[in-house]
Every structure is written in C-alpha cells, then in structure tokens.
Amino acid sequence: MRPADSRPSRRAFLGATGTVTAVGLSAGCQSSSAPPDRDDAPAPTPPVSPTGRYQAGITLPQPAQRNLLAVVADIADTGSVRPLLAGLGEAIRTLTAGTGARLMGLEPGDLTVTIGVGPRLVREVDPALPGAKDLPRFSREQIASRARGGDLLIQICADDALLIPIVAAALLEQAGDRIRERWRQSGVRGANVPVARGRAAPRNLFGFVDGIVGPHTRAEQERDLWLSGPDPVAGGTLAVLRRMELDLPRFAKLSVAEQEAVFGRRRASGVPLSGGTIASGPDLGAKTPDGRYLVPADAHARRAHATAVGVGLMLRRSYSIDAPAPGLLFMSFQNDIRTFTNTLTRMDNSDALLEFTTTTASATFLILPGFDEEHPLGSRLFR
C-alpha cells in the first residue's frame with residue numbers, strides 16, 4: 001500500500017501539473033524560426049458556457065478536452081459550504097469569461113470547471129438523496145486512507161494545458177483555508193478516433209479506444225445520466241473517480257489476439273470481436289462454428305455490458321496518466337450509483353482486464369446542478 005498523500009504547498013501543486021504543462025509547451029515548439037502565416041493561424045476555440053441547467057465539463061464540450069486536473073479535498077467547516085460554493089461558482093464564471101486577471105492574459109478557450117460534493121456533505125442535507133452513499137470497497141485496491149473519499153471535487157479541463165495550473169491556483173486561492181486537499185491527478189487524452197457522426201473517443205495506454213459505449217443521445221442522457229425530479233439535485237449527476245495503475249509491461253507481452261480477447265474489441269479499429277462497426281454494440285450471443293463465443297466470456301466488453309449487468313449506461317470521460325505510475329483516471333457519470341457498483345461487482349468476478357489494473361484512489365461525488373448569476377452554485381442543495 002502506498003503511503004498517504006501529504007498536503008502539498010501551492011508551489012508543489014503547480015509543479016505537479018508540470019507533466020501536462022510540458023505537453024502543451026512541446027506541442028507549441030516549431031522547427032522553423034519563421035513566423036507562422038496569419039492565414040494559417042488556428043481559429044479561436046469556441047467557449048463553453050459554465051451556466052445553465054447542467055454544469056459544463058460532462059457532456060460539453062464534445063469531444064472532451066485534451067487535459068484534465070482533478071482535485072479532491074475536504075471541507076474544514078461544513079457551515080461554510082454554501083459561501084464556499086457560491087464563491088467558486090463566481091470565480092468559474094469570471095475565469096471562463098476571460099475577464100479575470102488571474103488568467104495572465106490567456107484566452108479561456110474551451111476551459112470548463114466542474115464542481116461536486118461528497119457523500120458526507122450530502123448526508124448532512126438528506127441521507128436519502130442521491131450521492132449520500134460512499135463507494136464500497138472492491139478487490140484489486142491498494143488505496144491509502146487519504147486517497148479514499150472526499151468532500152469536494154474540482155475538475156478542470158482545457159485543450160490549452162497552460163490554463164490548468166493557472167486556473168487551479170486561482171480556485172485554490174478562492175477556497176483558501178476552508179478546504180484541505182486530499183489527492184489530485186492530472187491526465188491527458190490520447191488522439192481521438194471517430195466513432196459516429198459528431199462523436200469520437202480516445203485511445204488509452206493499452207492502445208485500445210476507450211469509452212465508446214455511453215448515453216450519447218439526449219434521450220439516453222435523460223434516462224441514465226442526469227438526475228431528475230423537483231428535488232434539489234435535479235440537473236446534477238453522480239461521478240465516480242478511480243485512479244488505476246496499469247501493468248503495461250505484462251499486457252504488452254500478450255499477442256494482439258490475446259489483447260483483443262481481454263477487451264472484446266479489435267485494437268486497431270475498436271470494432272467488437274462479434275463484428276459490425278466501432279459504434280456497434282457487441283453481439284454477446286454470437287458464436288464460432290465450434291460453439292465458442294466470439295466475445296470471450298471474460299472479455300471486458302461482455303463483463304461490463306449494461307444489458308448483461310442489468311443497469312443503465314454510464315458516461316466516461318477518462319484520462320491517461322503517467323504519475324504516480326502509468327495508468328488511467330477512470331471517470332464515470334450516471335444518475336444511479338448502482339450503475340457503477342453493480343458493474344464493477346460483476347467485473348470483479350471474472351473480467352480479464354482487471355488482472356492488469358490496481359486501483360490506488362477512489363471517490364464518488366454528487367455533481368451539483370447547473371447555476372447562473374441568480375442561482376449561485378450549490379444554492380439549491382445547501383439552503
């Protein structure tokens with residue numbers, strides 16, 4: 001088990017995002033000293049509004065931005081939750097509008113900040129509300145106490161990697177000593193692979209397309225993603241974060257066919273082993289002439305299939321990581337926590353992919369409903 005994460009200084013916090021920042025810096029290097037042709041300059045990145053029925057950073061933008069930083073913290077005084085959230089919401093509106101001096105003159109572009117609160121805070125409002133339950137423990141976990149749970153999630157996403165540490169520093173300063181950081185994780189998304197019209201998904205460190213299946217249509221999202229009803233969480237959703245180390249050397253020793261059997265999809269194309277297109281759902285009943293399942297019994301595509309589990313769809317915005325070890329920050333959003341817990345319970349029994357993973361951090365949060373100038377962030381839940 002890894003030692004508990006210590007509380008970092010702001011300087012250490014900024015340094016922790018150096019890997020992501022370096023990616024952005026290296027991407028901007030040019031082999032020629034000649035100035036770029038203004039006609040070839042990229043068009044400005046469209047902004048993503050932080051206000052509305054839902055928070056940004058979940059279904060919007062599409063595809064998800066290249067860079068992410070997730071900060072998980074505790075709140076020292078639960079009596080300060082309402083003003084803390086309201087202040088964060090106002091800071092988010094200022095930063096995403098590009099009017100804050102803390103942006104150092106950078107354009108906000110597609111910057112999004114998404115805020116969630118942990119089960120302890122939800123239970124204090126009403127233990128019957130969605131988001132009031134902690135995640136159970138599962139197999140293949142090596143999680144230090146400070147890397148499990150938390151009261152507050154700050155998710156920062158942007159295509160421009162330079163924005164990530166700048167925005168993080170501004171929001172942490174806004175929160176001040178009212179929060180105490182538990183753990184944090186930066187990550188990047190691989191190159192996007194087209195899945196369907198207007199939809200793409202990235203590759204992960206195993207080389208496979210990640211996050212193909214999900215509630216992508218408006219009807220699917222209303223059914224499986226967003227919380228509904230007149231209660232104070234309507235327009236929110238439930239997030240699960242799991243930081244996982246991946247055993248890349250052992251997986252790389254498998255043949256391509258063996259790797260594909262683990263996932264249940266073709267590595268190059270993302271197409272299910274049962275055939276079709278990358279957007280096709282796997283045909284779990286398809287068999288070879290000698291009676292073997294085309295999608296193996298222990299393949300990830302079968303063990304995690306929503307129909308086989310008997311749950312709704314989960315939306316994934318996962319990111320690859322290289323520290324503290326190569327792996328994945330798995331992030332799923334759903335309106336019923338059983339969508340995740342029942343799926344992972346079934347995977348625990350017999351999923352070939354889990355043999356190559358170790359979970360080192362875990363948390364769940366109620367992503368607060370959307371907000372605007374008249375309705376501050378969190379004001380519907382914390383009255």
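How many helices and strands make up the secondary structure of the protein? In this predicted model, the secondary structure comes to 11 helices and 11 strands. The protein has 383 residues, of which 51% count as buried. Its accessible surface comes to about 17,500 Å², and carbon and sulfur atoms account for 52% of that area. Among contacts with a separation of 6 or more, 76% are between residues 24 or more positions apart.

The largest pocket holds about 1,000 Å³ of space. It is lined by 48 residues, and those closest to its centre are G211, V213, H300, A304 and R316. By type, the lining divides into 24 nonpolar, 16 polar and eight charged residues. At least two lining residues come from each of the strands β7 (237-246), β10 (327-334) and β11 (357-367) and from each of the helices α9 (300-303), α10 (306-309) and α11 (337-350). The most is given by α11, with six residues.

Helix α3 spans residues 81-97 and has 17 residues. The distance from its first C-alpha to its last is 24 Å, close to the 24 Å expected at 1.5 Å a residue. The buried residues of α3 are V81, L84, L85, G87, L88, G89, A91, I92, L95 and T96. These buried residues pack against the strands β1 (67-75), β2 (112-117), β3 (152-158) and β4 (179-188), as well as the helices α4 (119-125) and α5 (163-175). Just after α3, G98 takes a positive phi of about 75°.

Key:
Residues are numbered from 1 along each chain as its sequence is written. This is a predicted model: local features need pLDDT of at least 70, side-chain atom pairs count only at pLDDT 80 or more; totals for chains, interfaces and linings use all residues. Side-chain values use heavy atoms; hydrogens and water are left out. Helices (H or I, at least four residues) and strands (E, at least two) are DSSP runs, numbered from the N terminus. Buried means under 20% relative accessible area, exposed over 50%, partly exposed in between (1.4 Å probe, protein chains only). Contact means heavy atoms within 4.5 Å. Accessible areas come from the Shrake-Rupley method with a 1.4 Å probe; for residues, only the protein chains shown count as cover. On a 1 Å grid over the protein atoms alone, a cavity is a set of points where a 1.4 Å probe fits but cannot get out, and a pocket is an open set with protein on both sides within 12 Å along at least five of seven lines; lining residues have an atom within 4 Å of a point. Grid points are joined across faces, edges and corners, and a volume is the space filled by probe spheres set on the points. Ala, Val, Leu, Ile, Met, Phe, Trp, Tyr, Cys and Pro count as nonpolar, Asp, Glu, Lys and Arg as charged, and the others, Gly among them, as polar. The expected span of a helix is 1.5 Å times one less than its number of residues.
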